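Welcome! Here is a short briefing to read alongside the sequence and the 3D view.

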Amino acid sequence: MMEKFIAWCAADSTAARLERTIVQGVIAAFIAAFPQIMDVFTLPEWGTALVVAVVMAILSPIMKAIGNKGVVE
């Protein structure tokens with residue numbers, strides 16, 4: 001299972017890049033909505049957008065490093 005994930009992170013096709021972007025967006029949207037789902041607090045619209053952008057910016061190089069077997073470019 002882990003080998004397939006690493007191969008998916010390493011794939012450089014257009015489809016693989018699109019899939020990774022979609023997954024990053026879904027994860028980021030969930031993380032941004034999590035406080036509201038748990039009824040802890042509500043972020044303003046700009047805060048939600050900022051959280052989504054930051055999470056995607058963090059996930060992208062992490063996924064790239066996983067695909068490169070830990071080598072950060």
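**How two helices cross**

Helix α2 passes helix α3 in a right-handed crossing. Keep in mind as you look around that this is a predicted model. The points below start with this pair, go on to two residues of α2, and end with the protein as a whole.

**The packing of α2 and α3**

- Helix α2 covers residues 14–37 and helix α3 covers residues 45–67.
- The two helices pack at an angle of about 135 degrees, and their axes lie 8 Å apart.
- On the α2 side, the contact is made by R20, T21, Q24, G25, I27, A28, A29, I31 and A32.
- On the α3 side, the contact is made by T48, V51, V52, V55, M56, L59, S60 and M63.

- Leaving aside residues up to four places away in sequence, I31 touches V51 and V55.
- I31 and V55 are 24 residues apart in sequence, and their C-alpha atoms are 8.1 Å apart in space.
- I27 and V55 are 28 residues apart along the chain, with 8.1 Å between their C-alpha atoms.

**The protein as a whole**

- How many helices and strands does the protein have? There are three helices and zero strands, and along the sequence they follow the pattern α-α-α.
- The C-alpha trace spans about 40 × 25 × 20 Å along its principal axes.
- The radius of gyration of the protein is 14 Å, whereas a compact globule of 73 residues would have one near 11 Å.
- Of the 73 residues in the protein, 18% are buried.
- Take the contacts between residues at least 6 apart in sequence: 54% of them join residues at least 24 apart.

Notes
Residues are numbered from 1 along each chain as its sequence is written. This is a predicted model: local features need pLDDT of at least 70, side-chain atom pairs count only at pLDDT 80 or more; totals for chains, interfaces and linings use all residues. Side-chain values use heavy atoms; hydrogens and water are left out. Axes are lines fitted to C-alpha atoms, for helices over the stretch in contact, and angles run from 0 to 180 degrees between N-to-C directions. Helices (H or I, at least four residues) and strands (E, at least two) are DSSP runs, numbered from the N terminus. A crossing is left-handed if the near helix is turned anticlockwise from the far one by less than a right angle, and right-handed if clockwise. Contact means heavy atoms within 4.5 Å. The radius of gyration is taken over C-alpha atoms; the globule rule is 2.2 Å times the number of residues to the power 0.38. Buried means under 20% relative accessible area, exposed over 50%, partly exposed in between (1.4 Å probe, protein chains only).
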